[in-house]
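This report walks through a protein model for a reader who is new to structural description. Please keep the sequence and the 3D view open beside the text while reading.

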Amino acid sequence: MKKNVVACALVVLVAMLTTQGCTNKVADEMEWKLAVQSYTFHKFSFIEALDKTHELGVKYMEAYPGHRLGGKWGDQVFGPDMDEATRKELMQLAAEKGVKIVGSGVFVSDKPEEWERMFAMAHSMDMEFVTCEPPLELWDLVERLSEKYNLKVAVHNHPQPSTYWNPQNLLDAISNRSKNIGSCADVGHWNREGLNHLDCLKQLDGRLVSFHFKDIVALQEGENERHDTIWGRGVLDVKQMLQIMKEQKFNGYLSIEYEYNWDNSVPDIKQCIGFFNEVVESLK
């Protein structure tokens with residue numbers, strides 16, 4: 001019996017330490033919230049991604065449309081086609097693991113009715129934002145949906161030929177629109193496209209809604225791809241990015257989108273979180 005009591009106590013202690021893994025008083029004061037973009041774990045089911053997010057001690061998740069749910073849902077995927085019962089069960093399951101699903105994306109479609117369904121789903125699951133890349137001709141609709149469902153619109157920057165690969169293109173599209181519309185800044189894509197990611201952040205001052213946050217390696221001779229790496233070991237100057245965000249009084253979600261070491265990325269991401277905490281504590 002005593003052994004069982006000790007074992008249970010250890011389990012509780014480990015759980016407490018795990019869920020406190022991202023606690024950072026300075027980040028809390030600035031209202032910066034680390035999240036996991038579930039695409040990080042797309043080789044696993046959505047249910048397994050929730051488990052890994054809990055293991056990391058991260059309290060928030062951005063779910064990508066198309067993520068296979070797993071568990072009793074099998075090959076059904078996350079997205080607007082989920083019925084109301086499934087949505088509620090996923091929210092409950094996430095809550096039991098100490099995780100809240102705060103956003104979904106990257107959503108792309110040229111069909112107006114699909115945008116309505118996407119925003120309705122996000123609203124029904126109590127999300128805060130939709131990450132997306134709207135066609136230019138649908139911006140009036142997207143702005144109306146943002147107001148109707150009280151959701152922020154975070155515009156992602158995939159590489160060319162995406163319309164929004166360059167921050168100026170986004171600013172041109174939204175300059176006269178609601179302040180609830182802005183950038184989901186994928187800092188890695190900017191740098192890979194030959195843009196200065198620090199200048200991009202400065203350019204978007206006041207229009208930063210969220211991040212797909214990462215660090216990437218330098219281009220190696222004979223290689224075409226610049227993969228993600230543990231924060232602080234790459235070329236993106238994480239400390240300077242966070243300093244700019246502090247100066248701009250950014251508040252919102254930094255989704256960890258770790259696109260490397262796909263089969264076993266949790267140890268890498270733990271180091272990313274550790275580096276984030278160290279840097280945030282040192283910001284002036």
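A residue is called buried when its relative accessible area is under 20%, exposed when that area is over 50%, and partly exposed in between, with a 1.4 Å probe and protein chains only. Helices (H or I, at least four residues) and strands (E, at least two) are DSSP runs, numbered from the N terminus. The model is predicted, and local features need pLDDT of at least 70, side-chain atom pairs count only at pLDDT 80 or more, while totals for chains, interfaces and linings use all residues. Residues are numbered from 1 along each chain as its sequence is written, and side-chain values use heavy atoms, with hydrogens and water left out.

In helix H6, which covers residues 139-149, the buried residues are Trp139, Leu141, Val142, Glu143, Leu145, Ser146 and Tyr149. What do the buried residues of H6 pack against? They are in contact (heavy atoms within 4.5 Å) with helix H5 (112-124), strand E5 (152-156), helix H7 (167-174) and strand E6 (181-186). Just after H6 comes asparagine 150, with a positive phi of about 55°, and this residue lies in the loop between H6 and E5. Asparagine 150 has a relative accessible area of 63% and therefore counts as exposed.

Two packed helices are described by the angle between their axes and the distance between the axes. Axes here are lines fitted to C-alpha atoms, for helices over the stretch in contact, and angles run from 0 to 180 degrees between N-to-C directions. Angles under 35 degrees count as roughly parallel, over 145 as roughly antiparallel, 65 to 115 as roughly perpendicular and the rest as oblique. A crossing is left-handed if the near helix is turned anticlockwise from the far one by less than a right angle, and right-handed if clockwise.

| Helix pair | Angle | Axis distance |
|---|---|---|
| H3 (residues 46-56) and H4 (residues 84-96) | about 25° | 10 Å |
| H3 and H11 | roughly 40° | within 10 Å |
| H10 (residues 238-247) and H11 (residues 266-282) | about 50° | 10 Å |

H3 and H4 are therefore roughly parallel to each other, and their crossing is right-handed. Phe46, Ile47 and Leu50 of H3 make this contact with Leu90, Leu93 and Ala94 of H4. Sorted by class (Ala, Val, Leu, Ile, Met, Phe, Trp, Tyr, Cys and Pro as nonpolar, Asp, Glu, Lys and Arg as charged, and the others, Gly among them, as polar), the contact of H3 with H4 has six nonpolar, no polar and no charged residues.

H3 and H11, by contrast, are oblique to each other, again with a right-handed crossing. Here Lys52, Glu55 and Leu56 in H3 meet Val266, Ile269, Lys270 and Ile273 in H11, and these residues divide into four nonpolar, no polar and three charged. Buried residues of H3 include Phe46, Ile47, Leu50 and Leu56, and just after this helix glycine 57 takes a positive phi of about 80°.

H10 passes H11 in a right-handed crossing. The contact involves Val238, Lys239 and Leu242 of H10 together with Phe275, Phe276, Val279, Val280 and Ser282 of H11, which by class are six nonpolar, one polar and one charged.

**The nonpolar core**

A nonpolar core is a set of buried Ala, Val, Leu, Ile, Met, Phe, Trp, Tyr and Cys residues joined through side-chain atoms within 4.5 Å. The largest one has 80 residues, and those with the most contacts inside it are Trp32, Phe78, Phe211, Leu242 and Leu254. H11 gives the largest share of this core, seven residues.

Valine 36, in strand E1 (residues 32-37), is buried, with a relative accessible area of 1%. Leaving out residues up to four places away in sequence, valine 36 touches Phe41, Thr53, Leu56, Val58, Tyr60, Met61, Glu62 and Ile256.

**Backbone exceptions**

Most residues other than glycine have a negative phi, and most peptide bonds are trans. Aspartate 237, although not a glycine, has a positive phi of about 55°, and at 39% relative accessibility this residue counts as partly exposed. A cis peptide bond, with omega about 20°, joins glycine 105 and valine 106, and valine 106 lies in strand E3 (residues 100-107). Another cis bond joins glutamine 160 and proline 161, also with omega about 20°, and proline 161 lies in the loop between E5 and H7.
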